[in-house]
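Dear colleague,

Please read them with the coordinates open beside you.

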Amino acid sequence: MAGTLGNKRSAAARTYDRLMAYTQRIRETTPLLAMGTEWENRSRAIEEINQHPLKQNAIARLNRELKAGISDEQLAKLVTFLREHDALCVINPEERQDGARIICSMGLFRG
């Protein structure tokens, strides 16, 4: 279900756009901050927002916070928190993958 951001005014699209701009700004201005587990988790959360639909409670919370004027840093922390507590996106367990996966191990042989 790649590309589930929907309308540019949707919670997913607005959150995704703001977090992409925020992470790019941090990488350019302070590259050392854009390293480590926290940023890796944040990157995965952004990727999940792009690839999977948001849960209804996440949509409501993000819309509320965006309307209230949440800062980019606080938005990033909120999205990471929601992901860590499995409250961000609707992901089927067989779709969730955190790392490499072997699809086929069959080799080609001459007969």
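Please keep in mind that this is a predicted model. Helix 1, which covers residues 11-29, packs against helix 2, residues 37-51, at an angle of about 150°, and the two axes lie 10 Å apart. The crossing of helix 1 over helix 2 is left-handed. On the side of helix 1 the contact includes Ala12, Tyr16, Leu19 and Ile26, while helix 2 contributes, among them, Trp39, Ile46 and Ile49.

Turning to the salt bridges, the count comes to six. In one of them Asp72 pairs with Arg25, with the closest N and O atoms 2.7 Å apart; because Asp72 lies in helix 4 (residues 72-84) and Arg25 in helix 1, this pair ties together parts that are 47 residues apart in sequence. Arg25 is partly exposed, with a relative accessible area of 38%, and a network of salt bridges links Arg18, Arg25 and Asp72.

Glu48 forms a salt bridge with Arg83, where the closest N and O atoms are 3.0 Å apart. Glu48 belongs to helix 2 and Arg83 to helix 4, so here the parts tied together are 35 residues apart in sequence, and both Glu48 and Arg83 are buried.

Within helix 4, Glu73 and Lys77 sit four residues apart, about one turn of the helix, and their side chains meet in a salt bridge at 3.5 Å, N to O. Glu73 is partly exposed at 40% relative accessibility, and Lys77 is partly exposed at 38%.

Technical notes:
Residues numbered from 1 in each chain as written. Predicted model: local features only at pLDDT ≥ 70, side-chain atom pairs only at ≥ 80, totals over all residues. Heavy atoms only, no water. Axes fitted to C-alpha atoms, helices over the stretch in contact; angles between N-to-C directions. Helix = DSSP H or I, 4+ residues; strand = E, 2+ residues; numbered from the N terminus. Left-handed = near helix turned anticlockwise from the far one by under 90°. Contact = heavy atoms within 4.5 Å. Salt bridge = Lys/Arg side-chain N within 4 Å of Asp/Glu carboxyl O. Buried < 20%, exposed > 50% of the residue type's maximum accessible area, 1.4 Å probe, protein only.
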